[in-house]
Protein chains: 2
Amino acid sequence: MTQPSPDLLFKALADPSRRALFERLCLDGEQTVGALTAGAGISQPAVSKHLGILKQAGLVLDRHEGRQTHYSAQQRALAPLVDWTGRMNRFWEARFDDLENLLKRMDQ
Amino acid sequence: MTQPSPDLLFKALADPSRRALFERLCLDGEQTVGALTAGAGISQPAVSKHLGILKQAGLVLDRHEGRQTHYSAQQRALAPLVDWTGRMNRFWEARFDDLENLLKRMDQ
DNA sequence: TTTTCTCATAACCATGTAGTTATGAATGTC
DNA sequence: GACATTCATAACTACATGGTTATGAGAAAA
């Protein structure tokens with residue numbers, strides 16, 4: 001169970017159709033391919049392909065039941081994204097602190 | 001000063017070269033195009049084009065000084081990303097809470 | 001002024017990608 | 001068994017995209 005790379009996540013979420021599918025799964029919970037296709041505005045094969053990419057990125061899980069496949073969001077998969085943005089912000093804050101320190105020193 | 005859309009941000013950060021440039025700007029602070037090109041592994045025009053896309057996404061700022069251009073990270077631009085991941089996680093937590101409540105009710 | 005340096009833009013090319021239709025595999029229904 | 005339903009895959013197309021080289025614009029240096 002290795003962490004998905006930020007690269008895979010960013011790439012997977014860069015497409016609006018995929019992001020919309022993932023958002024629906026987050027907001028409304030588990031859904032079948034048919035349900036997701038309705039209202040997606042693209043064909044069922046396109047939806048299936050997108051779901052495959054989301055799955056490969058670790059963003060969704062699939063569960064087979066009879067002849068339909070249920071997809072659900074794997075929320076933990078967003079962790080690397082949160083980490084990454086946190087790292088970028090951390091460095092910014094560090095340099096911001098430096099600036100504050102500089103200003104304080106200049107004040108004296 | 002309108003907020004950059006998550007779409008622009010995800011698209012801009014989906015490319016490894018661009019993400020590397022942005023990371024360097026976050027970690028090491030302001031840099032000229034020449035400095036960024038050294039060690040980027042791609043040509044100077046490619047770097048310039050990537051910087052243009054990052055700028056359009058609101059991720060970097062440019063500052064002209066003589067014949068060189070200095071780029072720096074605009075950290076606030078990551079806010080929509082943090083918001084988005086927060087929203088996705090919030091809904092997950094909400095459903096998790098529902099599950100917990102359900103289990104508690106089942107316990108009684 | 002002429003030359004050099006730094007960067008951005010133009011033009012182009014190869015590849016990746018998001019969509020389509022057609023079809024097949026597996027399951028449920030009659 | 002015959003048919004219908006649900007999804008995934010294959011094959012294809014159109015376009016986006018990331019890279020290149022060539023060139024131009026503007027500022028500094030000679």
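For these legends, Ala, Val, Leu, Ile, Met, Phe, Trp, Tyr, Cys and Pro count as nonpolar, Asp, Glu, Lys and Arg as charged, and the others, Gly among them, as polar. The model is predicted, with pLDDT of at least 70 needed for local features and 80 or more for side-chain atom pairs, while totals for chains, interfaces and linings use all residues. Residue numbers start from 1 along each chain as its sequence is written, and chains are lettered from A and ligands numbered from 1 in the order in which they are written.

**View 1. The surface near DNA strand D.** "Near" here asks for a C-beta atom, placed from the backbone, within 6 Å of the strand. There are 22 residues around DNA strand D, and those that come nearest are Gly34(A), Pro45(A), Gln68(A), Ser43(B) and Gly66(B). Two or more residues each come from α3 (33-37), α4 (44-56) and β3 (68-73) of chain A, and from α4 (44-56) of chain B. (Helices are DSSP runs of H or I, at least four residues, and strands are runs of E, at least two, numbered from the N terminus.) The top contributor is α4(A), with six residues. By type, this surface has six nonpolar, 11 polar and five charged residues.

**View 2. Helix α2 against α4 in chain A.** The axes of α2 (residues 16-28) and α4(A) come within 10 Å and cross at roughly 75°. So α2(A) is roughly perpendicular to α4(A), a label for angles of 65 to 115 degrees. Axes are lines fitted to C-alpha atoms, for helices over the stretch in contact, with angles from 0 to 180 degrees between N-to-C directions. Ser17(A), Arg18(A), Leu21(A) and Phe22(A) of α2(A) meet His50(A), Leu51(A), Ile53(A) and Leu54(A) of α4(A); contact means C-beta atoms, placed from the backbone, within 7 Å. The residues involved split into five nonpolar, two polar and one charged.

**View 3. The sheet of chain B.** Three strands make an open sheet in the order β1-β3-β2, with antiparallel pairing; to pair, two strands need at least two DSSP bridges. Because β1 (31-32) and β2 (60-65) of chain B are at the edges, each with a single partner strand, one side of each has no neighbour in the sheet. Two bridges join β1(B) to β3 (residues 68-73) of chain B in the antiparallel sense, and Gln31(B) has Tyr71(B) as its bridge partner in β3(B). Helix α2 (residues 16-28) of chain B lies across β1, β2 and β3, at about 80° to β3(B).

**View 4. Chain A along its sequence.** Chain A has five helices and three strands, running α-α-β-α-α-β-β-α.

Note on methods:
Angles under 35 degrees count as roughly parallel, over 145 as roughly antiparallel, 65 to 115 as roughly perpendicular and the rest as oblique. Two residues are in contact if their C-beta atoms, placed from the backbone, lie within 7 Å.
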